[in-house]
Amino acid sequence: MRFRTGVSGRYTVKSGPFKIVEGPASSAAGNPDLCSIDFPSVLVVPDQSAASSGEKLKIGVVLSGGQAPGGHNVISGLFDYLQERAKGSIFYGFKGDPAGIMKCKYVELNAEYIQPYRNQGGFDMICSGRDKIETPEQFKQAEEKAKKLDLDGLVVIDGDDSNTNACLLAENFRYYF
């Protein structure tokens with residue numbers, strides 16, 4: 001499993017039927033000393049030449065931090081995009097918050113599961129919280145769970161207070177995968 005990381009969009013994505021277009025260098029503008037972000041910002045776009053390969057992906061998503069009005073629609077949009085571009089892919093929602101990654105608490109997100117939450121505010125679909133992945137042991141647990149599920153990518157949906165969590169996950173997954 002090979003991950004490419006990009007903090008600009010706060011996601012980790014495998015190079016696959018999507019191509020990654022690199023942009024200017026990223027930085028932790030609010031606190032550059034907290035994270036050493038030395039990779040470019042990126043844009044993930046479909047790679048038409050690879051789209052016909054039929055490669056199915058396994059993508060995880062986690063909500064982090066306080067409630068926000070668009071969380072459900074972000075998850076719905078990611079699901080729709082994944083099903084359109086890589087039919088048959090599996091979309092896992094880690095329950096609770098980033099601790100759900102470490103504990104491997106997840107639900108498989110499918111159309112039936114997602115439908116009642118579309119256009120509904122909040123983070124109730126998979127819930128959120130304020131737990132963080134901070135210690136080397138916690139990062140190792142997150143790595144082990146990502147490998148156990150054979151994830152091709154992980155999307156962290158967060159607010160301004162949780163961006164550090166996304167940054168640190170991307171930084172650590174960068175070395176593990």
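Guide: A salt bridge is a side-chain nitrogen of Lys or Arg within 4 Å of a carboxyl oxygen of Asp or Glu. This is a predicted model: local features need pLDDT of at least 70, side-chain atom pairs count only at pLDDT 80 or more, and totals for chains, interfaces and linings use all residues. Residues are numbered from 1 along each chain as its sequence is written, and side-chain values use heavy atoms, with hydrogens and water left out.

Visitor: How many salt bridges does that rule give?

Guide: The count comes to 4.

Visitor: What makes Arg 118 and Asp 80 a salt bridge?

Guide: Their closest N and O atoms are 2.6 Å apart. The limit is 4 Å, so the pair qualifies.

Visitor: Which parts of the chain does this pair tie together?

Guide: Arg 118 lies in the loop between helix H4 (111–114) and helix H5 (136–148). Asp 80 lies in helix H2 (residues 71–85), so the pair ties together parts that are 38 residues apart in sequence. Helices here are DSSP runs of H or I with at least four residues, strands are runs of E with at least two, and both are numbered from the N terminus.

Visitor: Why is Asp 80 called partly exposed?

Guide: Its relative accessible area is 34%. Buried means under 20%, exposed over 50%, and partly exposed in between (1.4 Å probe, protein chains only). The value for Asp 80 falls in between, so Asp 80 is partly exposed. Arg 118, with 22%, is partly exposed too.

Visitor: Which residues are linked in a network of salt bridges?

Guide: Lys 140, Glu 143 and Lys 147. Lys 140 meets Glu 143 with the closest N and O atoms 3.3 Å apart. Lys 147 meets Glu 143 at 2.9 Å, N to O. Both values are within 4 Å, so both pairs are salt bridges.

Visitor: Is Glu 143 buried or exposed?

Guide: Buried: its relative accessibility is 4%. Lys 140 is partly exposed at 39%, and Lys 147 is partly exposed at 44%.

Visitor: How many helices and strands are there in the chain?

Guide: There are 6 helices and 8 strands. From the N terminus, the elements run β-β-β-β-α-β-α-β-α-β-α-α-β-α. Of the 177 residues, 44% count as buried.

Visitor: How do you know which contacts in the chain join residues at least 24 apart?

Guide: Contact means heavy atoms within 4.5 Å. Take the contacts between residues at least 6 apart in sequence: 75% of them join residues at least 24 apart.

Visitor: What makes a nonpolar core?

Guide: It is a set of buried Ala, Val, Leu, Ile, Met, Phe, Trp, Tyr and Cys residues joined through side-chain atoms within 4.5 Å. The largest one here has 18 residues. Phe 94, Ile 101, Ile 133, Ala 142, Leu 154 and Leu 169 touch the most other members. The elements giving two or more residues to this core are strand E6 (90–94), helix H3 (98–103), H5, strand E8 (153–158) and helix H6 (163–176). A second, separate core of 17 residues includes Val 61, Phe 91, Val 107 and Ile 157.

Visitor: Which residues does Ile 133 touch?

Guide: Leaving aside residues up to four places away in sequence, Ile 133 touches Pro 98, Ile 101, Met 102, Gln 138, Phe 139, Ala 142, Asn 165 and Leu 169.

Visitor: Why is the pair of Tyr 92 and Tyr 106 called edge-to-face?

Guide: Rings of Phe, Tyr and Trp (its six-membered ring) pair if their centres lie within 6.5 Å; planes under 30 degrees apart count as stacked, over 60 as edge-to-face and the rest as tilted. Here the centres are 5.0 Å apart, with 80° between the planes. The angle is over 60, so the pair is edge-to-face. It is one of 4 aromatic pairs in the structure.
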